[in-house]
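Q: Hi! I'm new to reading protein models, and I'd like to go through this one with you. Could you show it to me?

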Amino acid sequence: MSKGVLFDFDGTLVDSGAAIVAAYRSTFEEQLGVSLPAELEDPHVLMAPRPMEVFATWSDGDPEELVAAYGGHYIGGAYRHVRPYEGTLDLFSELTTSGTKFGIVTNKSRQRLLLDLEWVGIDPALLSCIVTADDSIQRKPDPTPIHLGVERSGIDPTGSWYVGDGPQDILAGRAAGLRTAGANYGYYGANRLSEYAPDLSLEAPLEALGILAIPHPPTSSRTQPMRL
C-alpha cells in the first residue's frame, strides 16, 4: 500500500466562508423574516455544526424545512462566493503529476462539495476518494470519516497525512492513525491549532507538497509543530 494525503475542504483548500454565510443569511431572512444572528456572521462558528444543528440552536423554525431552504440557497447561487486558496489548483496538479494518492474528507454534503469542485475547477476524477457528510453519521472529530477515506483511497495510514484547518481535523486525523498538518491560513488560525499539536504547520496549500517524504521525528524530540 502506498502513502497518501487526505484533505479537509472548507478552510483548507477553498475559502467558502462567504458562500456559507450568504446561504444562511438568505435562509434566516427569507424563511424566518429575521436577520442572521450576529455570531453566525463569523464563518468558523458555522463550520463544525451541521445545518440541522445550526437551525435547531439559533432559530425556532422547523429545522428540516430550514435545512432544505439552506441547501437551495447554497446551490442556487451562494456557492459562487467560493474561492480556491492561492496554490490549491497548482497543488493538485503537482500531486497528480507525481502519482500521489490524494482525496477529500469533509463534513460537507456531497451535493454542495461537488458543486464547489466544479465551480473552482477541480475534477473529482483526480481524487482517490471523496468522503462527505452523506457517507457517515459520525463526523470529525470522530475518526470514522478518515477511516473511510483511507479505505476508499487504498492508502497506508502509516506515513500518510490528513491536512485541515480546524481542531476537529487534527483530532480526527490523529485518532485515525495518520500524521496531521494544520492549515494555519484557514478559519481557526495558528494559535488555535497549536493547542492540538499537529505534526506540521502549513502557511499555504502548496506547502503540502513533499510532506510524504518527511521522516517521522522521535516523539520525545518534538514539542512544537514542524514548519516547512
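A: Happy to! One definition first: a crossover is right-handed if, with the strands pointing away from the viewer, the path from the first strand over the helix to the second runs clockwise. Helices (H or I, at least four residues) and strands (E, at least two) are DSSP runs, numbered from the N terminus.

Q: Okay, so what do E4, helix H5 and E5 make together?

A: They form a β-α-β unit, and it is right-handed. Helix H5 covers residues 110-120. This is a predicted model, where local features need pLDDT of at least 70 and side-chain atom pairs count only at pLDDT 80 or more, while totals for chains, interfaces and linings use all residues. Residues are numbered from 1 along each chain as its sequence is written, and side-chain values use heavy atoms, with hydrogens and water left out.

Q: What's the mean pLDDT of the protein?

A: The mean is 93, and 95% of the residues reach 70 or more. That score is the predictor's confidence in each residue, from 0 to 100.

Q: And where is the pLDDT below 50?

A: Over residues 218-223. That stretch has 4 contacts in the model beyond near neighbours in sequence, where contact means heavy atoms within 4.5 Å. Where pLDDT is low, the predicted coordinates should not be read in detail.

Q: Back to E4, then. Why is it largely enclosed?

A: Strand E4 (residues 101-105) is largely enclosed by the rest of the structure because 4 of its 5 residues are buried. Buried means under 20% relative accessible area, exposed over 50% and partly exposed in between, using a 1.4 Å probe and protein chains only.

Q: How many bridges join E4 to strand E1?

A: There are 4, and E1 (residues 4-7) runs parallel to E4. Two strands pair if DSSP finds at least two bridges between them. In this pairing, Gly4 sits opposite Lys101 of E4. E4 is also joined to strand E5 (residues 130-131) by 2 bridges, again in parallel, and there Ile104 faces Ile130.

Q: Let's zoom in on E5. Is Val131 buried or exposed?

A: Val131 belongs to strand E5, and it counts as buried because its relative accessibility is 0%. Not counting residues up to four places away in sequence, Val131 touches Ile104, Val105, Thr106, Pro145, Leu148, Gly149 and Arg152.

Q: Where is Thr132?

A: Thr132 is in the loop between E5 and H6. With 3% relative accessibility, Thr132 is buried too. Setting aside residues up to four places away in sequence, Thr132 touches Thr106, Lys108, Ser109, Arg110 and Leu113.

Q: Which peptide bond is cis, with omega near 20°?

A: The one from Lys140 to Pro141. Pro141 is in the loop between E5 and H6.

Q: Okay, new topic. Which residues of helix H6 are buried?

A: In H6 (residues 144-153) they are Pro145, Ile146, Leu148, Gly149, Val150 and Ser153. Their cover includes E1, E4, E5, strand E6 (161-164) and H7. An α-helix has 3.6 residues a turn, so residues three or four places apart point the same way. Just after H6 comes Gly154, with a positive phi of about 70°.

Q: What is Ile146 in contact with?

A: Leaving aside neighbours within four places in sequence, Ile146 contacts Leu6, Val105, Lys140, Tyr162, Ala172, Gly173, Ala176 and Leu178. Its relative accessibility is 0%, so Ile146 counts as buried. Ile146 and Gly173 are 27 residues apart along the chain, with 6.5 Å between their C-alpha atoms.

Q: What about E6: which way do its residues point?

A: Trp161 and Val163 point one way from E6, Tyr162 and Gly164 point the other way, and all are buried. In a regular strand the side chains alternate between the two faces of the sheet.

Q: How does E6 pair with E1?

A: In the parallel sense, over 3 bridges, with Tyr162 as the bridge partner of Leu6. E6 is also joined to strand E7 (residues 179-183) by 4 bridges, running parallel, and Val163 stands opposite Ala181 there. From E6 the chain crosses through H7 to E7, and this β-α-β crossover is right-handed.

Q: Last one! What is the phi of Ala197?

A: Near 50°, a positive value in a residue other than glycine. Ala197 is in the loop between helix H8 (189-194) and strand E8 (200-202), and with a relative accessible area of 37% it is partly exposed.
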